[in-house]
Amino acid sequence: MARLTINGAPRDIEVDPDTPLLWVIREQIGLTGTKYGCGVAACGACTVHIDGVATRSCVLPVSAVEPDQQITTIEGLSPDSSHPVQQAWLALDVPQCGYCQAGMIMAAAGLLMQNPNPTDEDINAEITNICRCGTYNRVRAAIKLAANSGEAVQRG
Amino acid sequence: MNAIISISRRSFIVGVATTAGGLSLGFNLPFIKAALAEGAETAPEINAWVVIRPDDTVVIRIARSEMGQGTLTGLAQLVAEELNCDWSKVTTEYPSPAQNLARDRVWGNFSTGGSRGIRESHEYVRIGGAVAREMLIAAAAAEWGVPASECTARMGMVTHPASDRATFYGQLAAAAARMTPPANVTLKDPKDWTIAGKPLPRLDTADKLNGSQVYGVDLKLPNMLNAAIRACPYFGGKVESFDAAAVASMPGVRTVVQVDETAVAVVADTWWRAKTALDALPVVWDEGPNRQVTSASIAAMLEEGLGANDAFIGAEQGDAGAALSAADRTVTATYAFPYQNHATMEPMNATALYTPERCEVWVPTQNGEASLAAAAEAAGLPVQQCEVHKIHLGGGFGRRGNFQDYVRQSVSIARQVPGAPVKLVWSREEDMLHGAYHPTTRCRLTGALDADGNLTALHMRISGQSILAAVRPEGMQNGMDPVVFQGLVLNGTEGTLGYTVDNLLVDHAMRNPPIPPGFWRGVNLNQNALYVECFMDELAHAAGVDPLAFRRKLMANHPKHLAVLEAVAERIGWDTPPAAGIHRGLAQIMGFGSYVAAAAEVSVTDGQLRILRIVAATDPGHVVNPAQVERQVEGSFVYGLSACIYGECTVNGGRMEQENFDSYEVVRMADMPAVETIILPSGGFWGGVGEPTIAVAAPAVLNAIFAATGKRIRTLPLKNHDLA
Ligand code: FES
Ligand code: FES
């Protein structure tokens, strides 16, 4: 039995303790916006926030997460897609297939919380998620648009 | 996406002849008139393409698959354009493959590959929209007792100006569905388009921003089980034995099954538990006949083909052999292109529910009908007792079209747990080890230059793997694979060589290693453009002529090829020297019916490559959504540059060595150059946009690297070369 706080709500779950957080989120909690892409922390599709820090959940055993740590998934980033990063993504119509985009958005939101005005180099260094459809240039532009909207810092 | 509710409507077949731009197309297509049951609650289907709900929502049916490329939005624009509906009221749905079969394939081909999503279906979907519009007008005219010719349709409304009457489509739909479809419709001239041709936002973005878009891997069905699979990693090998008892009592495990001859799967309550048990499952493989196969042995096989006597001829002009022997000066170079994995971000998956009477499959697929056929075959049931539900794809790139291995596997597993839906999801490792790989080929090019530096003869000998021979043998022509010559042929509309060379020979020595090849986004255009465009640069250098000027001399008969090349050259400032430390390269090719070119600016400092800027031009004839074309062009550089810089699946001991993104690196944000897209639609033809540009990415960059370093990189990927 493990207790987790996901998108603000406490959840008690029956799970093998070394199950990666990704699979707990997807299979026990049933939130499937967070994606599996590699399972070895190489692609970023599984990015969630833990206490506001963008984290790849596919290699993090659920037992390593404390009950009071705040886990935020794409579903909890905002109740209505109103987070500045989501808004910027919508304005620039960023996604293609969309599969990597939850991870991209969470990584971008995490970056802006740490660094409200990232340079291109900051973006290159921090956004290392893989997108095979090739949305990188629009991801970059949307991060800058969200940064300029100025609210990304306060919103988590 | 809503499922279509009823497929059992009485149907009529009506021939529709059309005119477009004054041309009679002599086009015949079955349209089905819905005969709605009295009092039925379903929204009226005007025809196969258009359903209009009482609230004026227009549901446009999309037969091709959306996998990120924007086809869903583009096809909807084409229907909506002719329908004259209100774009803000448009939504879409996929008809199912079984419905297509049951209705005499009213939606045509479901296959989504070869950049054909729009260019092959634009005509009949536009006809679908136009026919529906005419039926709506006819319904209004009948209601008002006025001639249809006095009524007009605009923005989802039919009006009769003479009597100042107007009504919305939603009010007319039920009556329109009972109208006889017109025998003829005239399609709009693209220059009059107001919905098509415009950079409209995609229809499918919102759900991709908040986690609500459902992909195949996300599917949830009541009582669903999950399966993890491992197939024999050795090509041509199979399962010898496995010890199911060793994992049978692990948490969540329901059963351990063999899947066909080649794989084992664990079925459990959750996928993670299935995978955990699978990892612990002792399996003995029959490693099959290919244990000696390595990348080196494959390279040797292809090298032999470069000098072999026998080869299939793809293009021939004059007498290249004689001209080369007689030439004062020849230039020769050999290039090589390695295996690549599609590496879609969503791994292969399919969910199957089997009972002895029926089999249903939910699957992200580029070809729903191929999925249906695979499901029926694997289930051992008539196709009428099977159904496939298409789910949004997390990338396709060719992997999810012809190859339905995951569908067959899912059904094979489901047959062993009848009555319960089973979701099979491949691990990334499975995906890397069991690809339908971009084939490997090599090319030896020999060119003759006269005293004035003109190219007088060219021989391109391609040696290597045929995709068709392995996956679509019915497409072979007397043993020859015509697709091998993509972009290099002299005739046709798909992709001709953009150079006139008096003595030309392009031939192919087919050498098929035992590695499964497949259609990988861009297919054979990728390596063919690399070969011909890098070699043009080599020839120009040998002739002491500027690479653009050298090409121009050969392109007088190829104005469309030249136009895109000139466009990128002009935009990048080819005629003015770049800033210190910056170097440029060019490339052009024709493929998938479109003309494309790229210019690259790079710097190489202490062996460190930076791709600074790409200018790309494309002439696809007509453009349905320029914003989507831009996205496809940008994405093409990610795909093409991934192959150029990193992409390589190497073979050792009869299996692939790369198992995940830690060893199969791809382009990420930091590698990604700025991309400027020039769209030059010259009209009169319909070319694809999802693939052709990939092919010019690598040669433009490699030519720029030569300009920077004097090094010719002839073997991909770049990561294996020292640029210092
Ligand atoms: S799935 Fe976690 S980084 Fe790829
Ligand atoms: S949008 Fe398809 S992988 Fe990124």
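How much area do domain 1 of chain B and domain 3 of chain B bury between them? In this predicted model, the figure is about 1,100 Å², with 56% of it on carbon and sulfur atoms. The elements giving two or more residues to the domain 1 side of this contact with domain 3 are α1 (71-83) and α3 (122-144) of chain B. Of these, α1(B) gives the most, with 4 residues. By residue type, the side of domain 1 of chain B that touches domain 3 divides into 4 nonpolar, 10 polar and 2 charged.

## Contacts across the interface

If you like to count partners, 16 residues of domain 1 of chain B are in contact with 16 residues of domain 3 of chain B. Which kinds of polar link turn up here? The rule finds 3 residue pairs in polar contact across this interface, both residues at pLDDT 80 or more. For salt bridges between domain 1 and domain 3 of chain B, the count is 0.

## The chain as a whole

Stepping back, the domain assignment of chain B gives domain 1 (4-195), domain 2 (216-288 + 348-425) and domain 3 (295-340 + 437-720). The centres of domain 1 and domain 3 of chain B, taken over C-alpha atoms, are separated by 41 Å.

Chain B has 16 helices and 30 strands. Its radius of gyration is 27 Å, close to the 27 Å that the globule rule gives for 724 residues, so chain B is as compact as a globular protein of that length. Along its principal axes, the C-alpha trace of chain B spans about 80 × 75 × 50 Å.

Methods: Residues numbered from 1 in each chain as written. Chains lettered and ligands numbered in written order. Predicted model: local features only at pLDDT ≥ 70, side-chain atom pairs only at ≥ 80, totals over all residues. Heavy atoms only, no water. Domains from an automatic or database assignment. Contact = heavy atoms within 4.5 Å. Buried area = accessible area lost by both parts, 1.4 Å probe. Salt bridge = Lys/Arg side-chain N within 4 Å of Asp/Glu carboxyl O. Polar contact = N/O pair within 3.5 Å; in protein donor to acceptor, adjacent residues only side chain to side chain. Nonpolar A, V, L, I, M, F, W, Y, C, P; charged D, E, K, R; others polar. Rg over C-alpha atoms; globule rule 2.2 N^0.38 Å.
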